[in-house]
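Okay, thanks for coming, everyone.

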Amino acid sequence: MNNDVIEVQVRAVLPLEGSFAVFLGNETKVFVIYIDESVGTAISMFMRGVSKERPLTHDLVGHLLLAFGARVERVVINNINGSVFHARLIISAENELQTTRKVIELDARPSDSIAMAVQQSAPIFVAKTVWDTVEDVSGTLAQIEKKGLEVQQAAEEAAAEEDDDEEDDDDDIEEFSDEDINTIAGLEPGKGDEEYDDGFGGDDDDEEGEEWKKADG
């Protein structure tokens, strides 16, 4: 891999109202892409190792690749055209029917590409031209993570105090609400991914992207 790309990791996947925010980055920079709810849920489940009763779309695609001796080799978020992100899904295949390894590069939405990469533990890269364009939101992610730790600690303390109480305290252990995230980050979707339905887990009007409003004060 050359210097024209930067390797990133999925740093966080946070639910919003009707969508998800995926934070990608490394120790020097973090940026965000908005994706539709179904793919965001899939990525979150893959990251947490949640088992499913029946295979979902990205599970099925992974099983098909495996059946043909193929796997996701890497994902590259390679372009941002105006407000639209683009990605390439690189697949390699090698089986008894082929004498040499075959590499295929496919145009794909970043959301589906990230889901497949997480499912198969494949690396994710960002083209340097995209990396230099996106806004760094490392500070915002740090604030969200800090708030999450505080919420978790408060929930653990409450559970310890009410250890003898048989009532369900799930209401005290909530995930981030849209209001929490928006208050911290001033989050508002703006940049999106190509609007099309490729039959791969998203809706026709799926938008993926990132844009941050600076919080007042």
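Let's start at serine 121, which sits just after helix 3 and takes a positive phi of about 55 degrees. Before I go on, please keep in mind that this is a predicted model.

So, helix 3 itself. How many of the ten residues of helix 3 are buried? Eight of them are, so the helix is largely enclosed by the rest of the structure. If you want to click through them, the buried ones are Pro110, Ser111, Asp112, Ser113, Ile114, Ala115, Met116 and Ala117.

Now, who is the packing partner? As for handedness, the two helices cross in a left-handed way.

There's also a strand residue to look at here. Isoleucine 33 belongs to strand 3, residues 30–36. With a relative accessible area of 0%, isoleucine 33 is buried. Along the sequence, isoleucine 33 is 77 residues away from proline 110, but in space their C-alphas are 8.4 Å apart. And proline 110, you'll remember, is one of the buried residues of helix 3.

Okay, charges. The model has eight salt bridges in total, and I'll show you some of them.

Aspartate 112 pairs with arginine 109 in a salt bridge, where the closest N and O atoms are 2.9 Å apart. Is that arginine buried or exposed? Arginine 109 is buried, at a relative accessible area of 1%, and aspartate 112 is buried too, with a value of 1%.

Glutamate 105 and arginine 88 make a salt bridge through their side chains, at 3.1 Å from N to O. This one links distant parts of the chain, since glutamate 105 is in strand 6, residues 102–108, while arginine 88 is in strand 5, residues 84–93, and the two are 17 residues apart. Glutamate 105 is partly exposed at 46% relative accessible area, and arginine 88 also counts as partly exposed, at 24%.

Then there's a pair of sequence neighbours, arginine 74 and glutamate 73, whose side chains form a salt bridge at 2.8 Å, N to O. Arginine 74 is partly exposed, with 23% relative accessible area. Glutamate 73 comes in at 21%, so it counts as partly exposed as well, given that buried means under 20%.

Last stop is the surface. Which residues make the nonpolar surface patch of about 320 Å²? They are Leu60, Leu64 and Phe68. Leucine 64 lies in helix 2, residues 57–67, and is partly exposed, at a relative accessible area of 46%. As a reminder, an α-helix has 3.6 residues a turn, so residues three or four places apart point the same way. Have a look at the patch with that in mind.

Technical notes:
Residues are numbered from 1 along each chain as its sequence is written. This is a predicted model: local features need pLDDT of at least 70, side-chain atom pairs count only at pLDDT 80 or more; totals for chains, interfaces and linings use all residues. Side-chain values use heavy atoms; hydrogens and water are left out. Patches are made of residues with over 30% relative accessible area and no salt bridge: like charges are joined within 9 Å, nonpolar side chains (Val, Leu, Ile, Met, Phe, Trp, Tyr) within 5 Å. Accessible areas come from the Shrake-Rupley method with a 1.4 Å probe; for residues, only the protein chains shown count as cover. A salt bridge is a side-chain nitrogen of Lys or Arg within 4 Å of a carboxyl oxygen of Asp or Glu. Helices (H or I, at least four residues) and strands (E, at least two) are DSSP runs, numbered from the N terminus. Buried means under 20% relative accessible area, exposed over 50%, partly exposed in between (1.4 Å probe, protein chains only). A crossing is left-handed if the near helix is turned anticlockwise from the far one by less than a right angle, and right-handed if clockwise.
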